[in-house]
Amino acid sequence: MGHPSDYGDEMDRVHPRLIDAALQGRETGEPALDRAARVVADLRRVLLEEPPSEAAGHLDAMVTAAADGARGSSVLSKRRSGRRRRLSTLPLAAALVLGAGLAWGAVGLPERATETAEEALGAAQERKDAFSKDEEAAGAATEETTHGDEVSAVAKDDSLKGCEKGQAVSAVASSKGNKQGPVHDPCAKGSEAAGQDASAKGKQTAEDARAAAKAKQEAKGDATVEDHGGGPPEGSGPPAGAPGNSGSSAGSGANGNGKP
Amino acid sequence: MIGQAFGSTLQAARDGEPSALEALYRDLAPAVLGYLRGQRAVEPEDLTSEVFVGMVRGLDGFRGDERSFRSWLFSIAHRRLIDERRRLARRREDAVDPSDLAGRLAGSAVGDAEDEAVARLGRGWAVRTLDVLTEDQRSVLLLRILADLSVEDVARLLVKRPGAVKTLQRRALASLARHLERQGVS
């Protein structure tokens, strides 16, 4: 589609400044260009000088859009927050499961296991932090809400109980500030109690085994029954990794093999 | 042009301040409406409203000075215009400008009577002159003379090279000059 112009070549030779002058509707001294400049001047006059007749309605629409936009951005913020929460759920869940397992395994060796758990939690947290860096760039305004939501989500999580839950909540809550305070192990007291419980169970198991062996030997009439009990000395408790100690779940946790 | 107060006006408009929104509207609406009329939009007033609503919704994402803002706003206007044309094409409606309709109603009368009818509508003659231009020439010319955009801004908006825009504006002026000569305008 073309409009072949007799003036095409002539216009090509016109200085750009004259073209600009014509586009502003000014005289240029070039007859052909001046004719065009007059049209341009008319266009500017008739198209620019007539204001919108529905200006009030337009302004109302703009103010309404601005108000809707404020609400819309709030909704968008919630959506982003929800997305951030979903994205952060995976590493957080992994950290919680790992942390819970390590906390469970820390019954017999609280100090070492706690350190290991914290190392693992720290690594998981680092991965989570790296994962969410780009999300943080999307809006620092939602950061507080999101961090609070994460802590809240862990606090409301029913899959963890007692000190393990407290530890998980603490780990998430303190992760934002990267606090480097002294390590506090809320499960330490509980693990001592669990250890005592495991010890009692071990004793009971040993006694049961001794009684069973004695009964067996008595049945066979063997007089050397004393050397074949197989159980630990009374009161010694279950040794770490000792065979025959697997009957107690608490005891198996106490052997320190809870590490991944 | 708003000038030095543009930055604060823009920020207030982002915050939804009605007076700031009105200031932007008062400054730019005539040019936007003129551009849409010059492009023969079927409902230029409605489209202008859509453009400014789109502007309000996009304010948070805009970064730049007043000149960039003007260019950005006209890019919204141009997109809305194209949307309207596509919509009309789908509906197979005949996009008739009221001034053009008045000309048609004046009948297929000889040129003088038609011109008189159109002239009564004020902007008729000058707008009708734009019909001699190609679509690209008209867009370039209107963006240059009504929106006061630079060649580079127009090139960016129309997704063309600056050299192509310069050529289009030269050709547009040449076409207008030739048309006027044929009309006997000296």
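At what angle do helix 8 (residues 135-145) of chain B and helix 9 of chain B pack, and how far apart are their axes? In this predicted model, helix 8 of chain B meets helix 9 of chain B at an angle of about 135°, and their axes lie 10 Å apart. The two helices are therefore oblique to each other, and they cross in a right-handed manner. On the side of helix 8 of chain B, the contact is formed by B:Ser139, B:Val140, B:Leu143 and B:Arg144, while helix 9 of chain B contributes B:Val151, B:Val154, B:Leu157 and B:Leu158. Sorted by class, the residues of this contact comprise 6 nonpolar, 1 polar and 1 charged.

**Helix 4 of chain B and its partners**

Helix 9 (residues 151-158) of chain B also packs with helix 4 of chain B, at an angle of about 35° and with the axes 10 Å apart. This crossing, too, is right-handed. Here helix 4 of chain B supplies B:Arg67, B:Ser71, B:Phe74, B:Ser75 and B:His78, and helix 9 of chain B supplies B:Asp153, B:Leu157 and B:Leu158. The classes represented are 3 nonpolar, 3 polar and 2 charged residues.

Another partner of helix 4 (residues 66-91) of chain B is helix 3 (residues 44-58) of chain B; the angle between them is about 130°, and their axes are 9 Å apart. That angle makes helix 3 of chain B oblique to helix 4 of chain B. Helix 3 of chain B passes helix 4 of chain B in a right-handed crossing. Among the residues in contact are B:Leu47, B:Val51, B:Phe52 and B:Met55 of helix 3 of chain B, together with B:Phe69, B:Trp72, B:Leu73 and B:Ile76 of helix 4 of chain B. This contact has 10 nonpolar, 2 polar and 3 charged residues.

| Helix pair in chain B | Angle | Distance between axes |
|---|---|---|
| Helix 3 and helix 4 | about 130° | 9 Å |
| Helix 4 and helix 9 | about 35° | 10 Å |
| Helix 8 and helix 9 | about 135° | 10 Å |

**The interface between the chains**

Chain B and chain A together bury about 4100 Å², and 67% of this area is on carbon and sulfur atoms. The contact involves 53 residues of chain B and 44 residues of chain A. Of the area that chain B buries against chain A, 17% comes from B:Ile145, B:Arg170 and B:Leu173, more than from any other three residues.

**Salt bridges**

Over all chains, the structure contains 11 salt bridges. Between chain B and chain A the count is 2. B:Asp148 and A:Arg44 are joined by a salt bridge of their side chains, with an N to O distance of 3.9 Å. Within chain A, A:Asp42 forms a salt bridge with A:Arg45, in which the closest N and O atoms are 3.2 Å apart. A:Asp42 and A:Arg45 are separated by about one helical turn, because they are 3 residues apart in helix 3 (residues 31-48) of chain A.

Definitions and conventions
Residues numbered from 1 in each chain as written. Chains lettered and ligands numbered in written order. Predicted model: local features only at pLDDT ≥ 70, side-chain atom pairs only at ≥ 80, totals over all residues. Heavy atoms only, no water. Axes fitted to C-alpha atoms, helices over the stretch in contact; angles between N-to-C directions. Helix = DSSP H or I, 4+ residues; strand = E, 2+ residues; numbered from the N terminus. Parallel < 35°, antiparallel > 145°, perpendicular 65-115°, else oblique. Left-handed = near helix turned anticlockwise from the far one by under 90°. Contact = heavy atoms within 4.5 Å. Nonpolar A, V, L, I, M, F, W, Y, C, P; charged D, E, K, R; others polar. Buried area = accessible area lost by both parts, 1.4 Å probe. Salt bridge = Lys/Arg side-chain N within 4 Å of Asp/Glu carboxyl O.
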